[in-house]
Every structure is written in C-alpha cells, then in structure tokens.
Amino acid sequence: MTGGALAVLIARSIIRPISGMTDAMSRLAAGETAVTVPSQTAGDEMGAMAKAVDVFRRNAIARIALEAQQVSERSARQRRADRVGTEGDQDVIDHRLGRRR
C-alpha cells in the first residue's frame, strides 16, 4: 500500500465518524430528539464525544416532558380558578337576590 492510499484510508476513518456526529448534533439542535447518536461504543475521543452528545439528547427529552407537564399543570390550575371564580360570582348573585345555597 502506498503512502497516498494509506493517507486516504486514515482520512476516511476520521471523516466518517465526524460527519456522523455532525449530522446527529445538527439534527439534535433542530429539535429532533429521536436521533441516534453514533460512535457511542468507540473507546476513543469520538466515543466520549458521542456519550456527551447523548446526554444532551436525553436532557432535551426530559426538558420537553417537563415543559409539557408544566403546561398541563397551569391549564388545570386555570380551570380550577375559573371554576372557583364562576362559583364566587354565583354566590354574589344569589346573595343579592336573597337566595340561599
């Protein structure tokens, strides 16, 4: 094998994992949390980077779930407040009309 061919093989072995990682990171940055982060089992720097990117992915999933839970809780609180407000309004009306509940 010539030096040029060896250089091409080495370059490919570096470029492919970096390209895969770049793609995964771009998709994750765009909000695609179902992305599979490549090279997580690699025992080198790419593996360490992949594990770190997967932590970001899992944190994004947890953040989305937390935000959905907070929206649901706010909605439930608002419905309760609306219900209490309506009941309070009815109490005022009943009192003014001399009705008892």
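Biologist: Let's take a salt bridge to be a side-chain nitrogen of Lys or Arg within 4 Å of a carboxyl oxygen of Asp or Glu. How many salt bridges does the count come to by this rule?
Modeller: Five salt bridges. Keep in mind that this is a predicted model.

Biologist: Okay, what does arginine 63 form a salt bridge with?
Modeller: With glutamate 67; their closest N and O atoms are 3.3 Å apart, which is under the 4 Å limit and so qualifies as a salt bridge.

Biologist: And how far apart are arginine 63 and glutamate 67 in helix 2?
Modeller: They are four residues apart, so about one helical turn separates them.

Biologist: Is arginine 63 buried or partly exposed?
Modeller: Partly exposed, because its relative accessibility is 45%, and the range for that label runs between 20% and 50%. Glutamate 67 is partly exposed too, with a relative accessible area of 39%.

Biologist: Why do arginine 27 and glutamate 32 count as partly exposed?
Modeller: Arginine 27 gets that label because its relative accessibility is 32%, and glutamate 32 because its value is 34%.

Biologist: What about aspartate 54, which side chain does it meet in a salt bridge?
Modeller: The side chain of arginine 57, at 2.7 Å from N to O. Both residues are in helix 2 (residues 45–96), three residues apart, or about one turn of the helix.

Biologist: What is arginine 57 in contact with, leaving aside its neighbours within four places in sequence?
Modeller: Leu28, Thr33, Val35 and Val37. Leu28 belongs to helix 1 and is one of its buried residues, along with Met21 and Ala24.

Biologist: Switching to helix 1, how does its span compare with what it should be?
Modeller: It agrees: at 1.5 Å a residue, its 27 residues should span 39 Å, and the end C-alpha atoms are 38 Å apart.

Biologist: What follows helix 1?
Modeller: Glycine 31 comes after it, with a positive phi near 100°.

Biologist: Now the surface. Which residues make the nonpolar patch?
Modeller: Leu6, Ile10, Ile14, Ile15 and Ile18, and the patch is about 440 Å². Isoleucine 10 lies in helix 1 (residues 3–29). Its relative accessible area is 44%, so isoleucine 10 is partly exposed.

Biologist: Zooming out, how many helices and strands are there in the protein chain?
Modeller: Two helices and zero strands.

Biologist: How much of the protein chain do buried residues make up?
Modeller: They are 15% of the 101 residues. The chain exposes about 7800 Å², with carbon and sulfur atoms supplying 58% of that.

Biologist: And what share of the contacts with a separation of 6 or more comes from residues 24 or more positions apart?
Modeller: Those pairs account for 32% of them.

Technical notes: Residues are numbered from 1 along each chain as its sequence is written. This is a predicted model: local features need pLDDT of at least 70, side-chain atom pairs count only at pLDDT 80 or more; totals for chains, interfaces and linings use all residues. Side-chain values use heavy atoms; hydrogens and water are left out. Patches are made of residues with over 30% relative accessible area and no salt bridge: like charges are joined within 9 Å, nonpolar side chains (Val, Leu, Ile, Met, Phe, Trp, Tyr) within 5 Å. Accessible areas come from the Shrake-Rupley method with a 1.4 Å probe; for residues, only the protein chains shown count as cover. Buried means under 20% relative accessible area, exposed over 50%, partly exposed in between (1.4 Å probe, protein chains only). The expected span of a helix is 1.5 Å times one less than its number of residues. Contact means heavy atoms within 4.5 Å.
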